[in-house]
Amino acid sequence: MLTLTRQEALGFVERRLNIGEAEKLLAEDRVAFLDQLIVAFHNSVPFQTMTNMAVSPEKRRVPSLDEIKQDVYSGRGGMCIALNGYFHALLAALGYDCYLTEGRMWDADPNTHAVIIVRNLLGTDDSRLVEVGVGYPTLGAVPLDFDLESPTSVELVWRGRVVRVEGERDETRGTRCPVFLRQRKQIDPEEVARLGFGVRENPEQWNTVYRFKLEPQSFVELYEHIDANVFRNASHGLNRTLRLMQWRNNRAVIVLNDLLVRETGEGVCLPVRLESDAEIADTILREFPVFDRDLVEKAIEQWRRLPGK
């Protein structure tokens with residue numbers, strides 16, 4: 001189980017997220033402080049596949065709990081189990097009522113994503129989706145008390161929403177458990193294609209990024225399943241791409257394989273093609289200086305070994 005003490009959590013908030021007087025802010029408005037934490041985390045800790053890609057496929061595994069703590073605290077970041085796993089531990093240490101559940105990405109195998117649910121935030125049995133580990137931005141907790149769908153929001157070059165659908169019948173309760181779909185739709189399909197995003201999407205419709213239920217799961221169970229279904233699965237997309245994504249002043253900076261993308265305005269992105277492995281490495285080290293050159297060059301080498309690269 002990944003846990004933090006309250007002092008560890010407050011230290012992370014102050015030193016990594018650069019938020020002072022956390023205890024005071026938490027006492028004044030738990031809802032506003034939660035959103036402040038989410039935005040600060042997006043701006044401070046990247047989603048990245050580099051540490052995974054730097055290892056040969058047969059040796060890849062989910063990071064240990066100590067590695068997750070070190071990678072997030074240092075600002076190196078990681079993939080969903082590290083980012084959402086750590087953020088869940090952070091919220092729990094600060095006194096939020098929260099739990100993890102599975103997310104099923106792109107209708108693939110179950111247990112390929114970890115999702116955070118915060119409940120009883122207003123003392124009314126309410127539930128909210130909290131997401132800091134999918135790479136693309138969710139800059140606030142999403143209330144799930146709607147009947148059909150949440151309000152839409154702009155998420156980089158997409159419009160995003162959460163939709164509620166009727167799930168399978170639970171015979172023990174005599175009811176159907178709702179299923180929630182995290183969806184997005186391309187704002188400008190030509191722009192999305194130019195940036196190299198959305199390769200698994202139908203540009204004319206809402207696409208489900210992942211689905212989840214309001215059913216708590218243990219961190220250990222999610223940890224083991226994501227290790228098997230993602231890290232040790234050589235065909236998984238995250239084992240086939242160089243990907244670094246971070247929000248700085250709420251604008252995206254992304255390296256996707258040999259492409260550098262900067263968000264210059266809401267939904268407006270500037271892509272720059274990186275012409276050589278040396279330029280890819282230099283760009284990553286300039287934009288994400290927390291990494292060392294040896295790791296970056298090993299990740300690029302493993303990426304180049306993939307068919308078609």
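Strand 10 (residues 243-248) and strand 11 (residues 251-256) run antiparallel and are joined by six bridges. This is a predicted model, in which local features need pLDDT of at least 70, side-chain atom pairs count only at pLDDT 80 or more, and totals for chains, interfaces and linings use all residues. Residues are numbered from 1 along each chain as its sequence is written, and side-chain values use heavy atoms, with hydrogens and water left out. Helices (H or I, at least four residues) and strands (E, at least two) are DSSP runs, numbered from the N terminus.

**The open sheet**

- L244 stands opposite V255 in strand 11.
- Five strands make up an open sheet with antiparallel pairing, in the order 1-10-11-12-13.
- Strand 1 (47-48) and strand 13 (268-273) are at the edges. Each has a single partner strand, so one side of each lacks a neighbour in the sheet.
- Two strands pair here if DSSP finds at least two bridges between them.

**Strand 4 and its partners**

- Strand 3 (residues 113-119) pairs with strand 4 in the antiparallel sense, over four bridges.
- R119 has S127 of strand 4 as its bridge partner.
- Strand 4 is also joined to strand 5 (residues 142-143) by two bridges, and these two run antiparallel.
- R128 stands opposite P143 in strand 5.
- In a regular strand, side chains alternate between the two faces of the sheet.
- In strand 4 (residues 127-130), S127 and L129 point one way, while R128 and V130 point the other way.
- These four residues are all buried. Buried means under 20% relative accessible area, exposed over 50%, and partly exposed in between (1.4 Å probe, protein chains only).

**Helix 1 against helix 5**

- The axes of helix 1 (residues 6-15) and helix 5 (residues 65-74) come within 10 Å and cross at roughly 30°. Axes are lines fitted to C-alpha atoms, for helices over the stretch in contact, and angles run from 0 to 180 degrees between N-to-C directions.
- Helix 1 is therefore roughly parallel to helix 5. Angles under 35 degrees count as roughly parallel, over 145 as roughly antiparallel, 65 to 115 as roughly perpendicular, and the rest as oblique.
- Helix 1 makes the contact through E8, G11, F12 and R15, and helix 5 through K69, V72 and Y73. Contact means heavy atoms within 4.5 Å.
- By class, this contact has three nonpolar, one polar and three charged residues. Ala, Val, Leu, Ile, Met, Phe, Trp, Tyr, Cys and Pro count as nonpolar, Asp, Glu, Lys and Arg as charged, and the others, Gly among them, as polar.

**Salt bridges**

- The whole structure has 21 salt bridges. A salt bridge is a side-chain nitrogen of Lys or Arg within 4 Å of a carboxyl oxygen of Asp or Glu.
- D71 and R76 form one at 3.2 Å, N to O. Both D71 and R76 are buried.
- D97 and R119 form another at 2.9 Å, N to O. D97 lies in the loop between helix 6 (80-93) and strand 2 (98-105), and R119 in strand 3, so the pair ties together parts 22 residues apart in sequence.
- D97 counts as partly exposed, at 29% relative accessibility. R119 also counts as partly exposed, at 31%.
- R182 bridges to E155, with the closest N and O atoms 3.2 Å apart. R182 lies in strand 8 (residues 175-186) and E155 in strand 6 (residues 153-155), so this pair ties together parts 27 residues apart in sequence.
- R182 counts as buried at 5% relative accessibility, and E155 counts as buried at 8%.
- Salt bridges with shared partners join R248, R262, R286 and E287 into one network.
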